[in-house]
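Please look at the sequence and the model first.

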Amino acid sequence: MKENKTYKELDFRVIELEEEYYHCTFEHCDFTEILFQKTNFEECRFVACNLSLCKSNGTSWNKVIFEQCKLTGANFSHANKFTFSAKFSECLMQYVSFQGLNLQGFSFSKCQLTEADFTTCNLKKAQFADCNLDRTIISHCNLEEADFSTAFNFIINPNDNRMKKAKFSLQNLPGLVAVFDVKIV
C-alpha cells in the first residue's frame, strides 16, 4: 500500500500500478487507456491528469477528487459499486459512462459532461453546478433532490426518471419539456 505520496508527471501506461493508494495525490499524470483492475484509491486526488479511455474493473474509488482532469471515454460502470464516491471539478468528461452506479450525493462542478451516460444511475442529491450536459443520457434514474439549477444543454424526460424535489431553473426548463414537443415563448 502506498500512503501519503505525491506522484507528479508520471506515465502510468509504462509504470505498474500498486494495488492500494491511500491519501495520495497524482498531478499531471497519464493514465490513458489504463485498465484499473481491482485497484483501490482511497481519499486520493487527481489533478490535471489524463484518464481518457480508462476502464475500472472492480476498482475502488473511495472519496476521490478529480480536478481539471481529462476523462474522455472513461468507463466507471464496472467500478466497485460499494465504495464508489468521488467529486469532479472542472473536468473534461466527454463520453464518460457511469451506467448503473450509485452516484447519490456526487458533486460535478464546471464539468463538460457531453454525451456522458448516466443510464439507471442513482443521482439522488447529486449536484451539477455549471455543467454542460449536451447530449448526455439521463434515463431511468433517481433524480430526487438532485440540483440541475445551473446545469445547461440537457434534455431530461420527466416520465423516464424519478424527479421529486429535483432543482431546475427557469432557464433550463426547455430541457425538461423538449420530450413533449412543446415550445416555450
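Are Phe108 and Phe118 buried or exposed? Both residues are buried. Keep in mind that this model is predicted.

## Aromatic pairs

The count of aromatic pairs comes to 39. One of them joins Phe108 and Phe118.

Phe108 sits in strand β11, residues 107-109. Phe118 sits in the loop between β11 and β12 (127-129). The pair therefore ties together parts that are ten residues apart in sequence.

## A stacked pair

Phe148 and Phe168 also pair. Their ring centres are 5.3 Å apart. The planes are at 5 degrees, so this pair is stacked. The cut-off for stacking is under 30 degrees.

Both Phe148 and Phe168 lie in the loop between β12 and α1 (174-177). They are 20 residues apart in sequence, so the pair ties together separate parts of that loop. Phe148 has 0% relative accessibility and therefore counts as buried. Phe168 has 23%, so it counts as partly exposed.

## Glu144

Where is Glu144 placed? Glu144 is in the loop between β12 and α1. Its relative accessibility is 18%, so Glu144 counts as buried. The cut-off for buried is under 20%.

Which residues does Glu144 contact, leaving aside neighbours within four places in sequence? They are Leu123, Lys124, Lys125, Arg162, Met163 and Lys164.

Key. Residues are numbered from 1 along each chain as its sequence is written. This is a predicted model: local features need pLDDT of at least 70, side-chain atom pairs count only at pLDDT 80 or more; totals for chains, interfaces and linings use all residues. Side-chain values use heavy atoms; hydrogens and water are left out. Rings of Phe, Tyr and Trp (its six-membered ring) pair if their centres lie within 6.5 Å; planes under 30 degrees apart count as stacked, over 60 as edge-to-face and the rest as tilted. Helices (H or I, at least four residues) and strands (E, at least two) are DSSP runs, numbered from the N terminus. Buried means under 20% relative accessible area, exposed over 50%, partly exposed in between (1.4 Å probe, protein chains only). Contact means heavy atoms within 4.5 Å.
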